[in-house]
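Here are my notes on this one, point by point. Have the viewer open while you read.

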Amino acid sequence: MGGIVIVGAGQAGATLSQKLRSLGYEGEVTIYGSESVLPYERPPLSKAFLTGEYDLERLLLRPAGFYEDNRVTLRLGDPAVAVDPEAASVTLQSGETIAYDKLVLATGSRMRRLDVPGDDLAGVRYLRTHDDAAQLLAGLGEARSVAV
């Protein structure tokens, strides 16, 4: 495939794809991400999304048409698990190997799990992704008490 491969479908990866096109880059641009949803803003997940002020569409950094119109290929739900710089390739979780001319690692950070007694109890939730927020929101209606 070649071109520019962006590993990470968050704000950095999506913004980079836009910037490449605005600067006139005409080659292939492909974004690979672990989640199955379009790139979105994370900060509103713990605020506006949980209060119902925002839905997923409002969280999106760009509408789906942006990526198509700008010839940016999104490969979501199949994250990169290995990089081979000598072969200039990325291996996806599915086992597929992708060649690149240039590689950008825009994976962001990872959630840190607490190592405390009770961290494995049912009902303990972490909030990092849209799916996490949706599960938390669904469970809030059944909760008798909440601790943050």
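1. In which helix does Ser17 lie? Ser17 belongs to helix 1, residues 11-22. Ser17 is buried, with a relative accessible area of 0%; buried here means under 20% relative accessible area, exposed means over 50%, and partly exposed is in between, with a 1.4 Å probe and protein chains only. Leaving aside neighbours within four places in sequence, Ser17 is in contact (heavy atoms within 4.5 Å) with Ile6, Val29, Ile31, Phe66, Tyr67 and Val72.

2. Some ground rules before going on. This is a predicted model, where local features need pLDDT of at least 70 and side-chain atom pairs count only at pLDDT 80 or more, while totals for chains, interfaces and linings use all residues. Residues are numbered from 1 along each chain as its sequence is written, and side-chain values use heavy atoms, with hydrogens and water left out.

3. Now the layout. The protein chain has five helices and seven strands, taken as DSSP runs numbered from the N terminus (helices are H or I, at least four residues; strands are E, at least two). Reading from the N terminus, the order is β-α-β-α-α-α-β-β-β-β-β-α. The C-alpha trace spans about 55 × 30 × 20 Å along its principal axes.

4. Of the 148 residues in the protein chain, 30% count as buried. Among contacts with a separation of 6 or more, 57% are between residues 24 or more positions apart. The accessible surface is about 9,500 Å², with 50% of that belonging to carbon and sulfur atoms; the areas come from the Shrake-Rupley method with a 1.4 Å probe, and for residues only the protein chains shown count as cover.

5. For the charges, there are 15 positive and 20 negative ones, and their mean positions are 6 Å apart. Lys and Arg count as positive, Asp and Glu as negative, and His and the chain ends are not counted. Each charge is placed at NZ of Lys, CZ of Arg, CG of Asp or CD of Glu.

6. How many aromatic pairs are there? The count comes to one aromatic pair. Phe66 and Tyr67 make an edge-to-face pair, at 5.1 Å centre to centre and 85° between the planes. The rule is that rings of Phe, Tyr and Trp (its six-membered ring) pair if their centres lie within 6.5 Å, with planes under 30 degrees apart counting as stacked, over 60 as edge-to-face and the rest as tilted. Tyr67 is buried at 2% relative accessibility, and Phe66 is buried at 14%.

7. Two arginines sit over rings. The charged end of Arg62 is over the ring of Phe66, 5.6 Å from its centre, and Arg113 lies over the face of Tyr126, at 4.5 Å from the ring centre. The test is NZ of Lys or CZ of Arg within 6 Å of the ring centre and within 35 degrees of the ring normal.

8. Val5 deserves a click. Val5 is in strand 1, residues 4-7, and counts as buried at 0% relative accessibility. Not counting residues up to four places away in sequence, Val5 touches Thr30, Tyr32, Val90, Ile98, Ala99, Tyr100, Lys102, Leu103 and Val104. Met111, 106 residues from Val5 in sequence, is 24 Å from Val5 in space, C-alpha to C-alpha.

9. Ser89 is found in strand 5 and is buried, with a relative accessible area of 11%. Beyond four places in sequence, the contacts of Ser89 include Ala82, Val83, Thr97 and Ile98. Glu96 lies in the loop between strand 5 (89-92) and strand 6 (97-99) and is partly exposed at 34%. Arg58 is 38 residues away from Glu96 in sequence and 32 Å away, C-alpha to C-alpha.

10. Finally, backbone angles. Which loop holds Arg71? Arg71 is in the loop between helix 4 (64-69) and strand 3 (72-76), with a positive phi near 55° in a residue other than glycine. Arg71 is partly exposed, at 44%. Ala88, in the loop between strand 4 (80-84) and strand 5, has a positive phi of about 50° although it is not a glycine. Ala88 is partly exposed, at 22% relative accessibility.
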